[in-house]
Amino acid sequence: MASFPTRWDDGTTQDGPEHQLHWYDERTAIIRQALRTNFEGPFSYLLLGSERALLLDTGTGDADLRKVVDELLAGRDLALIVAHTHGHGDHIGGDSQFEQVVGTSAAEVAEYFGITAWPDEIVELDLGERVLDLIPIPGHEGSDLAFYDRTTRLLLTGDSLYPGRLYVPDWTAFRASIRRLADFVAAGNPVSWLLGAHIELTNEPGVDFAMGADVHPDEHPLQLEPAVLGELQEALSEAGPSPHRIVRDKFIVSPR
Ligand SMILES: [Zn+2]
């Protein structure tokens with residue numbers, strides 16, 4: 001049975017583990033890096049197929065993610081693909097812990113996954129009895145990729161949609177990307193939950209923790225209801241072509 005923890009440990013206990021691990025179901029692990037190792041406290045995902053495992057994001061590099069992944073894969077005969085939701089430092093910082101990692105530029109990501117028409121083409125990745133759709137969504141960083149898992153119907157959105165501050169340096173690209181993502185979902189790809197890569201909101205609607213806060217009491221849950229994607233898309237559509245800040249209950253759009 002699929003589940004989320006009632007509450008994520010924000011990882012500020014000094015003698016606590018460097019990562020909190022939660023099995024969403026028997027083939028989907030969610031791993032959170034403790035805030036005490038880095039205030040970003042990013043989430044990584046390990047998706048298991050029958051032939052391959054996909055690790056999305058390696059964290060900031062301040063914690064030993066490799067050890068966690070090795071333990072999770074022990075006794076399973078799976079080839080590991082290490083890739084990213086996007087190329088920012090707090091998602092690729094642990095890359096050197098792994099032997100082989102997918103490159104972090106849009107060109108390298110497109111080449112590895114066989115995307116010839118970036119960002120308009122959606123491609124499949126088959127982990128073995130588990131097919132993902134990969135949807136390019138540049139705007140936050142440039143090599144941003146969303147991952148839709150047909151089996152669980154989870155949509156992994158990286159830093160492009162999560163309960164926190166959505167930083168948008170490329171407003172035009174971001175608006176187009178979120179529209180494409182919403183169109184993909186509307187075209188017969190229903191979502192169970194939206195899962196991003198951070199939590200920066202408190203449990204009060206639209207209220208975030210201070211930038212750089214290394215303690216997160218009463219965090220918002222990680223998972224967002226699928227309707228939040230539609231809300232983001234509509235908010236961006238209403239906002240028009242010039243960047244501005246948008247505060248909603250479940251996200252804050254922050255142009256840069
Ligand atoms: Zn980022």
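A cavity is a set of grid points where a 1.4 Å probe fits but cannot get out. With that in mind, turn to this structure, which is a predicted model.

The model holds 3 cavities of 30 Å³ or more. The largest cavity has a volume of about 70 Å³. Its lining includes Phe39, Glu40 and Arg165. Glu200, Phe209, Ala210, Gly212, Ala213 and His216 also line this cavity. By class, 4 of the lining residues are nonpolar, 2 are polar and 3 are charged.

Next comes the open space. The largest pocket contains about 180 Å³ of space. Its lining is made of 13 residues. Glu40, His140, Asp159, Tyr167 and Arg256 are the ones nearest the pocket centre. The class count here is 6 charged, 4 nonpolar and 3 polar residues. Glu40 lines the largest pocket, and Glu40 also lines the largest cavity.

Now look at the sheet. Three strands form an open sheet in the order S10-S13-S12. The pairing is mixed. Strand S10 covers 165-168 and strand S12 covers 246-247. Each stands at an edge with a single partner strand, so one side of each has no neighbour in the sheet.

Follow the pairing of S10 with S13. Strand S13 spans residues 252-255. S10 and S13 run in the parallel sense and share 4 bridges. Leucine 166 has valine 253 in S13 as its bridge partner.

Key: Residues numbered from 1 in each chain as written. Predicted model: local features only at pLDDT ≥ 70, side-chain atom pairs only at ≥ 80, totals over all residues. Heavy atoms only, no water. 1 Å grid on protein atoms, 1.4 Å probe; cavity = no way out; pocket = protein on both sides within 12 Å on 5 of 7 lines; lining within 4 Å. Points joined across faces, edges and corners; volume = space filled by probe spheres on them. Nonpolar A, V, L, I, M, F, W, Y, C, P; charged D, E, K, R; others polar. Pairing = 2+ DSSP bridges. Helix = DSSP H or I, 4+ residues; strand = E, 2+ residues; numbered from the N terminus.
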